[in-house]
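Morning, everyone. Let me put the model up, and then I'll walk you through it.

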Amino acid sequence: MKHRRPFRLTALSERAKFVLLWVEGMTTTDIAREMDVSANTVSRWIKRWKLEGNVNTRPRLGRPCIKRSQLMEGVQRFHQLWSNYHYIHPLSITDHKANFSFTWI
């Protein structure tokens with residue numbers, strides 16, 4: 001049984017080196033051994049280079065991640081708007097490692 005390598009992102013410089021070594025005549029298996037990656041990874045990037053002519057990172061689909069500071073700013077803006085239009089006492093906001101608790105005072 002072969003040992004499985006842990007997942008890690010492939011850097012742009014590594015991808016370029018895969019293609020360069022392949023163009024120089026090395027096999028994907030030899031490249032994989034030399035660069036300490038799987039042969040599937042090397043094959044995948046060589047295939048991308050053949051199809052698209054580059055090994056750049058593609059834009060990702062979906063909604064971008066929201067940082068905790070951006071989330072807190074949004075919550076505080078909401079609180080300001082809420083307290084301006086309602087007679088309820090302001091909301092107390094605490095932040096404990098991204099676990100936000102909201103309590104009415």
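Start with Trp-49. This tryptophan is partly exposed, at a relative accessible area of 31%. On the terms: buried means under 20% relative accessible area, exposed means over 50%, and partly exposed is in between, with a 1.4 Å probe and protein chains only.

Before I go on, the ground rules. This is a predicted model, where local features need pLDDT of at least 70 and side-chain atom pairs count only at pLDDT 80 or more, while totals for chains, interfaces and linings use all residues. Residues are numbered from 1 along each chain as its sequence is written, and side-chain values use heavy atoms, with hydrogens and water left out.

Now the overview. The protein chain has four helices and two strands. Along the sequence the pattern reads α-α-α-α-β-β. Those are DSSP runs numbered from the N terminus: helices are H or I with at least four residues, strands are E with at least two. The chain has 105 residues, and buried ones make up 19% of them. Take the contacts between residues at least 6 apart in sequence: 38% of them join residues at least 24 apart. Contact here means heavy atoms within 4.5 Å.

Back to the tryptophan. How many aromatic pairs does a search of the whole structure find? One. It is Trp-22 with Trp-49: the ring centres are 6.1 Å apart and the planes sit at 75°, so the pair is edge-to-face. The cut-offs: rings of Phe, Tyr and Trp (its six-membered ring) pair if their centres lie within 6.5 Å; planes under 30 degrees apart are stacked, over 60 edge-to-face, and the rest tilted. Trp-22 is in helix H1 and Trp-49 in helix H3, so the pair ties together parts 27 residues apart in sequence. Trp-22 is partly exposed too, at 28% relative accessibility.

Stay on H3 for a moment. Lys-50 lies in this helix. Lys-50 is exposed, with a relative accessible area of 54%.

Next, helix H2, residues 28-35. Which of its residues are buried? Ile-31, Ala-32 and Met-35. They span an arc of only 100° around the axis, which puts them on the same side of H2. The arc is taken from the directions from the helix axis to the C-beta atoms. Why would that spacing work? An α-helix has 3.6 residues a turn, so residues three or four places apart point the same way. The buried residues of H2 pack against helix H1 (12-23) and helix H3 (39-52).

Look at H2 against H3. Their axes come within 8 Å and cross at roughly 115°. Axes are lines fitted to C-alpha atoms, for helices over the stretch in contact, and angles run from 0 to 180 degrees between N-to-C directions. From H2 the contact uses Thr-28, Ile-31 and Ala-32; from H3, Ala-39, Val-42, Ser-43 and Ile-46. That divides into five nonpolar, two polar and no charged residues. For the classes, Ala, Val, Leu, Ile, Met, Phe, Trp, Tyr, Cys and Pro are nonpolar, Asp, Glu, Lys and Arg are charged, and the others, Gly among them, are polar.

Now the loop between H2 and H3. Asp-36 sits there. Its phi is positive, about 55°, although it is not a glycine. For context, most residues other than glycine have a negative phi. Val-37 is in the loop between H2 and H3 as well. Is Val-37 buried or exposed? Buried, with a relative accessible area of 8%.

Last stop, Thr-10. Val-37 and Thr-10 are 27 residues apart in sequence, and their C-alpha atoms are 9.1 Å apart. Thr-10 is in the segment before H1. At 15% relative accessibility, Thr-10 counts as buried. Setting aside neighbours within four places in sequence, Thr-10 is in contact with Arg-15, Phe-18, Thr-41 and Trp-45.
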